[in-house]
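The following report concerns the predicted model shown here.

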Amino acid sequence: MEKKKKRLIIRGIILGVLACAIIYTIYNTATKDTVEVLADGDTAPDFELVDLEGNTHRLSDYRGQGVFLNFWGTWCEPCKKEMPAMERQYQQFKDQGVHILAVNIAQSNFEVENFVEQYNLTFPVVIDKTKSVMQAYNVGKLPATYLITPEGKVKKVPPGELSEEQIQSLMESIKPE
C-alpha cells in the first residue's frame with residue numbers, strides 16, 4: 001500500500017511539472033514579440049554599425065544611392081561563394097551610385113578581418129555584434145540580401161545564395177536614375 005501511495009505522489013509531481021512546462025510554453029509563444037518580414041516597398045529600417053576601420057555607417061547616409069545590403073558569416077559556405085562575385089560587381093557599380101554594405105553576424109573582428117583579407121574585399125564590412133540589425137531585418141538563413149532603393153525602400157529580398165549574373169542584375173535594378 002505504501003508503494004502505491006509513493007508512486008501516486010511521484011506521478012502527480014511529474015504531471016504538475018509537465019503542466020507547468022506546457023503553460024509556460026503557451027504563454028511565451030503568445031506574448032513573444034514578432035518582427036514582421038520586410039516586403040517590397042517597405043521602408044528599410046535605419047541602423048548604425050561600425051566597419052573594421054572604425055568608420056560609422058548608417059543606412060540613411062546612403063540615401064539617394066542604391067544599397068545591396070548583405071548579411072553573412074565567415075562560416076557560411078554560400079557566403080564564401082558569393083563574396084568574390086559581389087566584389088567584382090561592386091567594382092563595376094560603385095561609381096554608378098550602387099553600394100554594397102556587408103553585415104557580418106556577431107563574429108569577432110579577428111575572424112572578419114581574416115575573411116576580408118582572404119577575399120580581398122574593398123566594400124564596407126560592418127559587424128552586427130548585438131544582432132539588432134539582423135533582428136530588425138528578420139534575417140533567418142545566411143546569406144540574406146536586401147536591395148534598398150535610393151529612396152530607402154526595400155525593392156527586393158532575393159532568397160539564398162546569388163550567382164554573379166543575379167548580383168549584376170539586382171545591382172542594376174537599384175541604380176539611381
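## Salt bridges

Glu-172 and Lys-175 are joined by a salt bridge whose closest N and O atoms lie 3.0 Å apart (a side-chain nitrogen of Lys or Arg within 4 Å of a carboxyl oxygen of Asp or Glu). Glu-172 is partly exposed at 40% relative accessible area, as is Lys-175 at 27% (buried is under 20% relative accessible area, exposed over 50%, partly exposed in between, with a 1.4 Å probe and protein chains only).

Glu-164 and Arg-88 form a salt bridge at 2.7 Å, N to O. This pair links distant parts of the chain, Glu-164 in helix H5 and Arg-88 in helix H2, 76 residues apart (helices are DSSP runs of H or I with at least four residues, strands are runs of E with at least two, and both are numbered from the N terminus).

## Basis of the model

This is a predicted model, in which local features need pLDDT of at least 70, side-chain atom pairs count only at pLDDT 80 or more, and totals for chains, interfaces and linings use all residues. Residues are numbered from 1 along each chain as its sequence is written, and side-chain values use heavy atoms, leaving out hydrogens and water.

## Helix H5

Ile-167, Leu-170 and Met-171 are buried in helix H5, residues 164–173. The buried residues of H5 fall within an arc of 100° seen down its axis, so they line one face of the helix (the arc is that of the directions from the helix axis to the C-beta atoms).

## Disulfide

The whole structure contains 1 disulfide (a pair of cysteine sulfur atoms within 2.5 Å). Cys-76 and Cys-79 form this bond, with sulfur atoms 2.3 Å apart, and both residues are buried. The torsion about their S-S bond is about 80°, so the disulfide is right-handed.
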